[in-house]
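Subject: Structure handover

Hello,

Here is the structure for you to look through. Please keep it open while you read the notes below it.

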Amino acid sequence: EYKAVINKFDLMGAFVYLNQYCIKKISEGETKFENESFGIYKEELQEKTYLMNDGTMAPVFYRNVVNTGLKLKELSWVKNFIHKYKTELSKRYRDNYFHYCLAQYEFCAGNYESSLELNSKIKYDELYMKLKSKTLEMQLLYETKAEESLLSSLENFRHFLNNNNLIPAGPKLQYSNFHKYLNKIVLLKNRKNKSDAGLLLSKLLKDKEVMCKTWLSDKIMEIS
């Protein structure tokens with residue numbers, strides 16, 4: 001209602017706080033706020049409040065818009081966004097975030113081979129990019145039934161998490177839980193008796209600190 005009379009700097013802050021509220025509500029299980037968050041991102045794009053002091057788009061903003069759109073299955077919109085706003089990223093981050101976001105899009109579209117190829121182009125010069133890229137790699141190996149490579153990747157990821165002291169406690173727990181549940185899913189999938197699937201799903205749904213929780217729960221339901 002008062003957007004027209006708020007200066008650009010304060011409007012930028014308002015959008016940030018609105019989205020933080022949405023993220024809080026989504027984490028509490030109120031998924032309707034994913035639509036709210038997506039709407040806020042669209043408004044930020046329209047108002048250009050996403051622009052940083054140097055006139056570029058923050059790579060985290062770029063990635064968050066893509067992730068939110070993909071959760072809502074807005075595939076066509078997301079693909080257009082990825083290509084349209086690529087040049088607004090600073091050169092330092094451009095290729096990595098473009099390849100990662102496009103790999104995420106291809107993954108959600110079911111184009112696993114294309115996603116694998118794009119993901120392989122990512123350079124691990126950022127800690128969080130490495131974590132996200134490695135997570136996507138394990139998802140792709142699972143989907144393409146490359147079990148031997150997946151088991152190797154899971155073991156390498158476990159060592160990486162255990163030996164890296166730069167990862168804050170919160171994200172480390174989320175990624176460790178992703179590893180734990182995916183490892184259990186692989187073991188369960190190879191058993192003749194799938195009776196433990198319901199219990200595993202119940203534990204996963206109660207656990208709030210898990211990366212890619214929706215995807216993991218879908219994989220359990222597929223084998224139960």
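Predicted model: local features only at pLDDT ≥ 70, side-chain atom pairs only at ≥ 80, totals over all residues.

Residues are numbered from 1 along each chain as its sequence is written, and side-chain values use heavy atoms, with hydrogens and water left out.

Pockets

A pocket is an open set of points on a 1 Å grid over the protein atoms alone, where a 1.4 Å probe fits and protein lies on both sides within 12 Å along at least five of seven lines; lining residues have an atom within 4 Å of a point. A volume is the space filled by probe spheres set on the points, which are joined across faces, edges and corners. Helices are DSSP runs (H or I, at least four residues), numbered from the N terminus.

The largest pocket has a volume of about 2000 Å³. Its lining has 44 residues, and Lys71, Met211, Cys212, Lys213 and Thr214 lie nearest the centre. Elements giving two or more residues to this lining include α1 (8–27), α7 (127–143) and α11 (213–223). By class, 17 of the lining residues are nonpolar, 15 polar and twelve charged. Here Ala, Val, Leu, Ile, Met, Phe, Trp, Tyr, Cys and Pro count as nonpolar, Asp, Glu, Lys and Arg as charged, and the others, Gly among them, as polar.

The second largest pocket holds about 290 Å³. It is lined by 14 residues, with Val16, Tyr41, Glu44, Phe61 and Asn64 nearest its centre. The largest share of that lining, six residues, comes from α1. The lining divides into nine nonpolar residues, four polar and one charged.

Surface and single residues

Tyr2, Val5 and Ile6 make a nonpolar surface patch of about 330 Å². Such a patch joins nonpolar side chains (Val, Leu, Ile, Met, Phe, Trp, Tyr) within 5 Å, from residues with over 30% relative accessible area and no salt bridge. Areas come from the Shrake-Rupley method with a 1.4 Å probe, and for residues only the protein chains shown count as cover. Buried means under 20% relative accessible area, exposed over 50%, and partly exposed in between (1.4 Å probe, protein chains only).

Is Tyr50 buried or exposed? Tyr50 is buried, at 5% relative accessible area, in the loop between α2 and α3. Tyr50 and Met12 are 38 residues apart in sequence but 7.1 Å apart in space, C-alpha to C-alpha. Lys48 lies in the loop between α2 and α3 too, and has a positive phi of about 60° although it is not a glycine.

Salt bridges

A salt bridge is a side-chain nitrogen of Lys or Arg within 4 Å of a carboxyl oxygen of Asp or Glu. The whole structure has ten of them. One joins Glu143 and Lys219 at 2.9 Å, N to O. Glu143 is in helix α7 and Lys219 in helix α11, so the pair ties together parts 76 residues apart in sequence. Glu143 is buried at 16% relative accessible area, and Lys219 is buried at 5%.

Arg158 and Glu155 meet in another salt bridge, 2.6 Å from N to O. They are three residues apart in helix α8 (residues 147–163), so about one helical turn separates them.

Regards

Note on methods: Patch = residues over 30% accessible without salt bridge, like charges linked within 9 Å, V, L, I, M, F, W, Y side chains within 5 Å.
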